[in-house]
Amino acid sequence: MKKLILTLIAALGIASGAQAAEGGIAWDKAPVNTSDTASLQNGAKLFVNYCLNCHSAAFMRFNRLKDIGLTDQQIKDNLLFTTDKVGETMKSAIDPRQAKEWFGANPPDLTVIARSRAGHGGTGADYLYTFLRTFYRDDTKATGWNNLAFPSVGMPHALWQLQGDRRPVFEEHQSHGRVEHVFKGWEQVSAGSMTPLQYDQAVGDLVNYLQWMGEPAQNTRVRIGVWVLIFLGVFIVIAWRLNAAFWKDIK
């Protein structure tokens with residue numbers, strides 16, 4: 001029994017350490033609405049312009065963007081930078097060997113990133129929304145950037161020109177005989193091309209698109225599921241009444 005208690009305590013300690021390693025800050029709720037085509041279209045534009053330079057979405061084809069209201073011609077004119085065929089997959093233009101040399105690892109594929117990053121703090125979309133809004137300058141890092149949601153991340157802040165340069169503000173607190181630095185907010189060092197509200201909205205659109213890209217048929221699946229449940233409900237009532245009519249003479 002004593003060994004069991006010690007094992008449980010150790011397991012809890014490991015879990016707490018793993019949670020601290022994942023970031024240590026609360027994840028903000030992402031404003032996800034995969035039925036908002038305007039948001040998805042803006043998110044697709046941001047993804048192609050800022051993410052596809054390094055990250056691929058190798059399981060997503062450009063022509064699938066027609067599902068969010070874009071035409072083939074709009075896709076060709078505005079979103080095709082790495083290929084000239086609408087039917088091609090979204091592959092980045094960066095050389096994987098160069099990427100590994102620059103960042104220490106090849107940037108991950110983002111096709112299902114919103115589905116794979118769910119954790120104790122919330123959904124994968126919540127994590128991405130928090131991650132993309134918590135970059136700050138750190139001259140001790142090779143990229144010159146760090147992140148509160150992913151400390152020591154090897155990725156630079158691709159959207160810094162939109163957000164500007166910010167500095168995290170911490171307060172010191174005594175806890176169990178040691179000093180802890182608690183995050184309190186941000187101090188804007190230099191302005192970006194967007195206001196903080198506009199940047200949050202843009203990141204929300206980007207995350208919304210990443211959520212949709214992980215399963216483009218999700219809205220269709222939900223609609224079909226609702227009709228299936230309605231059909232089953234009606235059929236249950238019909239079967240119940242047929243059963244009652246069949247057995248009434250026997251009873």
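Colleague: In this predicted model, which residue meets aspartate 67 in a salt bridge?
Modeller: Side chains of opposite charge can pair when their charged atoms come close. Aspartate 67 is partly exposed at 45% relative accessible area. The N to O distance in its salt bridge is 2.4 Å, and the partner is arginine 64.

Colleague: Is arginine 133 buried or exposed?
Modeller: Arginine 133 forms a salt bridge with aspartate 200, with the closest N and O atoms 3.0 Å apart. Arginine 133 sits in the loop between α6 and β3, and aspartate 200 in helix α8, 67 residues apart. Buried means under 20% relative accessible area. Arginine 133 has 14% relative accessibility, so the residue counts as buried.

Colleague: Which residues are linked with Arg133 in a network of salt bridges?
Modeller: The count of salt bridges comes to eight. One of them joins arginine 133 to aspartate 200, and aspartate 200 is partly exposed at 23% relative accessibility. The residues linked with Arg133 in the network are Asp28 and Asp200.

Colleague: How many residues apart in sequence are the parts tied together by arginine 167 and glutamate 187?
Modeller: The side chains of arginine 167 and glutamate 187 meet in a salt bridge of 2.3 Å, N to O. Arginine 167 is partly exposed at 41% relative accessibility, and glutamate 187 is partly exposed at 38%. Arginine 167 lies in strand β5 and glutamate 187 in strand β6, so the parts they tie together are apart in sequence by 20 residues.

Colleague: Which residue in β6 is the bridge partner of glutamate 171?
Modeller: Strands β5 (residues 164–175) and β6 (residues 178–191) pair in the antiparallel sense over 12 bridges. Their hairpin has two residues between the strands, and histidine 176 takes a positive phi near 55° there. The bridge partner of glutamate 171 in β6 is valine 182.

Colleague: What is the angle between the planes of phenylalanine 183 and tryptophan 186?
Modeller: A pair of aromatic rings is described by the distance of the centres and the angle of the planes. Phenylalanine 183 is partly exposed at 29% relative accessible area, and tryptophan 186 is partly exposed at 26%. Their rings are 5.3 Å apart, centre to centre, in an edge-to-face pair, and the angle between the planes is 65°.

Colleague: How far apart in space are leucine 52 and methionine 90, C-alpha to C-alpha?
Modeller: Leucine 52 is found in the loop between α2 and β1. Leucine 52 has a relative accessible area of 3%, so it is buried. Leucine 52 and methionine 90 are 38 residues apart in sequence, and their C-alpha to C-alpha distance in space is 7.5 Å.

Colleague: What accessible area does the nonpolar patch with Val222 and Trp227 have on the surface?
Modeller: Valine 222 is found in helix α9 (residues 218–247). With a relative accessible area of 47%, valine 222 is partly exposed. The patch also includes Val226, Ile230 and Leu242, and its residues together have an accessible area of about 700 Å².

Methods
Residues are numbered from 1 along each chain as its sequence is written. This is a predicted model: local features need pLDDT of at least 70, side-chain atom pairs count only at pLDDT 80 or more; totals for chains, interfaces and linings use all residues. Side-chain values use heavy atoms; hydrogens and water are left out. Helices (H or I, at least four residues) and strands (E, at least two) are DSSP runs, numbered from the N terminus. Buried means under 20% relative accessible area, exposed over 50%, partly exposed in between (1.4 Å probe, protein chains only). Two strands pair if DSSP finds at least two bridges between them. Patches are made of residues with over 30% relative accessible area and no salt bridge: like charges are joined within 9 Å, nonpolar side chains (Val, Leu, Ile, Met, Phe, Trp, Tyr) within 5 Å. Accessible areas come from the Shrake-Rupley method with a 1.4 Å probe; for residues, only the protein chains shown count as cover. A salt bridge is a side-chain nitrogen of Lys or Arg within 4 Å of a carboxyl oxygen of Asp or Glu. Rings of Phe, Tyr and Trp (its six-membered ring) pair if their centres lie within 6.5 Å; planes under 30 degrees apart count as stacked, over 60 as edge-to-face and the rest as tilted.
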